[in-house]
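Take a look at the model below.

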Amino acid sequence: MIPRYGATRAELDQLLVGEPRYRVDQVWKGLYGELSDPADMTAVPKALRSRLDAELELSLRPVSEFSSDKGSTIKFLWELDGGSRIETVLMLYPDRATVCVSTQAGCAMACGFCATGQAGFTRHLTPGEIVEQVVRAAQRAKAMGRRVSNVVYMGMGEPLANEEPVWQSLVRIHDDIGISARQLTVSTVGVVPGIKRLAARPLPVSLAVSLHAANDDLRDSLVPINRRYPIKVLMEACGEYLEAKGRRLSFEWALIADVNDRPSDAIELASLCRRFRVPAHVNLIPLNPTPGYAVRGSAKSHVYAFADQLIELGVNATVRRNRGTDIAAACGQLAAGQPVKMSSKSRDDRHDDRDDEAFDDGYDD
Ligand code: SAH
């Protein structure tokens, strides 16, 4: 048996020995173009359909599913071979549909405010396990009459700590599912050698960097890998990426009350963004609650004030909508466990003031 979305064309060729030549193309197109299960590929003879169904094995076993935002955010909890669990989030917007994929079970980067980091590292995902998350979320979107337009590598794990499988999955999603490179976003905590290698690869995928602090003292404490790759070398690598791809960079910034949400933080951040030929875009994420981090997120009005200050300083900033906080599907809440209990206060927070849609997630532009 081989993994359904990890199999190469050569492996599929092997499986289809003795079949007419066009069969490989037909099955490949069925799997990726039409998002069909082999059992539903009616153009394929029935006996072969059931053989493919048995031999091309699925890698993700559904454990449970949670939905919120009136059904427009769906979180899938999967079990992998070996028993570890990961999560995938499908977000439906009026103008696009985004899948957020995990690249590792757990994460070794140990950012204190992130639920995945609090849980530690279990194992790397294979290319097939990453691609299958996209296909299965896309199948669900298709059943609702929607097409997945964007994939963000912002689920559990650090993509650039699992480089080769992540790269192979990007190629498969781009070439075979047909999502353009700019609609594929790799988010990294700042693994500099990985950024440089990604810059040297052929696809111009979008790069997002989880910055959260614009000086080394603060970033050392929030994002431990900063001690290895401090801001100066990180910014140099970002500059190389921009030059290689011509794609505007994004910086993610989870706003933590009185930690990185002061006017001085906005000034420091703006000056980092503006050092690039094309100024970096800032994605502000109101800090989502996680079980292991007592510090508060900034109040929503403050988040928008911070965004306004950045805009005044000439930097493009958007506030990311907190999709799925009530089902622990939001940024930093993925821990493959039960939803974090929310207080009624924080639930209410999600429905107040300004029109979120205008300040959307900024995943794409
Ligand atoms: N490891 C990669 C991919 C994860 S992306 C990276 O760090 O970029 C998940 C995003 O959510 C990152 O920007 C991360 O810093 C952010 N995040 C983590 N915990 C969060 C929290 N509690 N609230 C809001 N954002 C958080």
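Which cavity does the space taken by the ligand form? That space is the largest cavity. Keep in mind that this is a predicted model.

Now look at the residues around the ligand. The shell holds 22 residues. The closest are F113, S187, S210, H212 and N288. Sorted by class, the shell has eleven nonpolar, nine polar and two charged residues.

Next, turn to individual atoms. S187 is one of the closest residues. A polar side-chain atom of S187 lies 2.6 Å from an oxygen atom of the ligand. E158 also uses its side chain: one of its polar atoms is 3.0 Å from a ligand nitrogen. With C331 the backbone takes part. There, a polar backbone atom lies 3.4 Å from a nitrogen atom of the ligand. A pair of N or O atoms within 3.5 Å counts as a polar contact.

How much of the ligand does the protein bury? Taken alone, the ligand exposes 530 Å². The protein buries 94% of that area.

Finally, step back to the whole protein. It contains twelve helices and 14 strands. Its radius of gyration is 21 Å, close to the 21 Å that the globule rule gives for 365 residues, so the protein is as compact as a globular protein of that length. Along its principal axes, the C-alpha trace spans about 70 × 45 × 35 Å.

Note on methods
Residues are numbered from 1 along each chain as its sequence is written. This is a predicted model: local features need pLDDT of at least 70, side-chain atom pairs count only at pLDDT 80 or more; totals for chains, interfaces and linings use all residues. Side-chain values use heavy atoms; hydrogens and water are left out. A residue is near a molecule or strand if one of its heavy atoms lies within 4 Å of it. A polar contact is a pair of N or O atoms within 3.5 Å; within protein, one must be able to donate a hydrogen and the other to accept it, and residues adjacent in sequence count only if both atoms are side-chain atoms. Accessible areas come from the Shrake-Rupley method with a 1.4 Å probe; for residues, only the protein chains shown count as cover. On a 1 Å grid over the protein atoms alone, a cavity is a set of points where a 1.4 Å probe fits but cannot get out, and a pocket is an open set with protein on both sides within 12 Å along at least five of seven lines; lining residues have an atom within 4 Å of a point. A molecule sits in a cavity or pocket if more than half of its atoms lie within 2 Å of its grid points. Ala, Val, Leu, Ile, Met, Phe, Trp, Tyr, Cys and Pro count as nonpolar, Asp, Glu, Lys and Arg as charged, and the others, Gly among them, as polar. Helices (H or I, at least four residues) and strands (E, at least two) are DSSP runs, numbered from the N terminus. The radius of gyration is taken over C-alpha atoms; the globule rule is 2.2 Å times the number of residues to the power 0.38.
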